[in-house]
Amino acid sequence: MATVLISGGTGLIGTALADSLLRRGYQVIILTRQPKQEAGNEAGAAYAVWDTEKQHIDSEAVRAADYIVNLAGAGVAEKRWTKKRKKEILDSRVKSGTLLVKALGETANQVKAVISMSAIGWYGPDAARLEQKSFKEDDPPHPDFLGKTCQAWEQSILPVAAVHQKRLVVLRTGIVLANEGGALQEFKKPLKFGTAAILGSGNQIISWIHIDDLVRMIIYAIETETVKGVFNAVAPHPVSNKELTLTLAREKKGRFFIPVYVPAFLLRWILGEMSVEVLKSATVSCEKIRQAGFTFLYPSITAAIRQLAGA
């Protein structure tokens, strides 16, 4: 079976992807700065060293790979956006892409395709849209921090196609819903105290995707030779922050919860610049990936939350 080389393979998405690939019979190699410490974390996977700061990668891992999945990047929502943190967010993405491009140029390889993550932060708020109902892949990047970061992120990996003539797929991912980490855990926390925290007005639109569908989409991109270019990795039915929050609350608590609105000014005080993303409304279309033949297991927020709550 084919070998998939994964950068960022120890994170939320990478762990789920590696597990799914292994169950499907793929060989998996996970790139990490400390392979000895990681060894055994994902049973059946091999580990190889890389260091984006030193621009070093295990050439044997590159030689063995049939496909590369690039998930590397510092968490956007993990820490307050200081000047230093913003540089870490940008550099971790750009240097990862640069290193993979460099490795493909310097090492004889059999790589057929590269699947690289990006994010719907590319688009900015709904107010930036023209007359269309939702953002599409050919819309320009927004000139804010995340828009510029996504643009630099994608540009760093483009030579894979333009220079090395490999099939390149870029997935602009929405908010990933999973039990193992990420945004859903933040939505769940207030429910421990019987409250459903609606952020700001609650009317801002969230373009989301179930972790299982994201993993399936990555594997679909690996296995489908006609899939290339940029695709939005979001579910067909975006929802408001209020709808997502209340759907989760009803699934977890039935009728025994109290909706509480968290004022926008308080979020700005707590989160600083990052509050822009929490309060931003971004309606993003998945029509292109559906036209490419991909089908969603969890197209609606009700189906997604019900599965996650029952898992």
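One term before you click: a residue is buried if its relative accessible area is under 20%, exposed if over 50%, and partly exposed in between (1.4 Å probe, protein chains only). The model is predicted, so to speak of local features takes pLDDT of at least 70, and side-chain atom pairs count only at pLDDT 80 or more, while totals for chains, interfaces and linings use all residues. Numbering runs from 1 along each chain as its sequence is written, and side-chain values use heavy atoms, with hydrogens and water left out.

Now the rings. Phe, Tyr and Trp (its six-membered ring) pair if their centres lie within 6.5 Å; planes under 30 degrees apart are stacked, over 60 edge-to-face, the rest tilted. That rule gives 4 aromatic pairs.

Select Trp-81 and Phe-145: with centres 5.0 Å apart and planes at 70 degrees, they are edge-to-face. Trp-81 is in the loop between strand E5 (67-70) and helix H4 (83-106), and Phe-145 is in helix H5 (residues 145-157), so the pair ties together parts 64 residues apart in sequence. (Helices, H or I, have at least four residues and strands, E, at least two; both are DSSP runs numbered from the N terminus.) Trp-81 is buried at 9%, and Phe-145 is buried at 15%.

Next, pick Phe-294 and Phe-296, an edge-to-face pair with centres 5.0 Å apart and planes at 85 degrees. Phe-294 is buried at 4%; Phe-296 is buried too, at 13%.

Last stop, charges. One sits over a ring if NZ of Lys or CZ of Arg is within 6 Å of the ring centre and within 35 degrees of the ring normal. Show Lys-86, whose charged end is over the Phe-145 ring, 4.9 Å from its centre. Then show Arg-93, over the face of Trp-153 at 4.6 Å from the ring centre.
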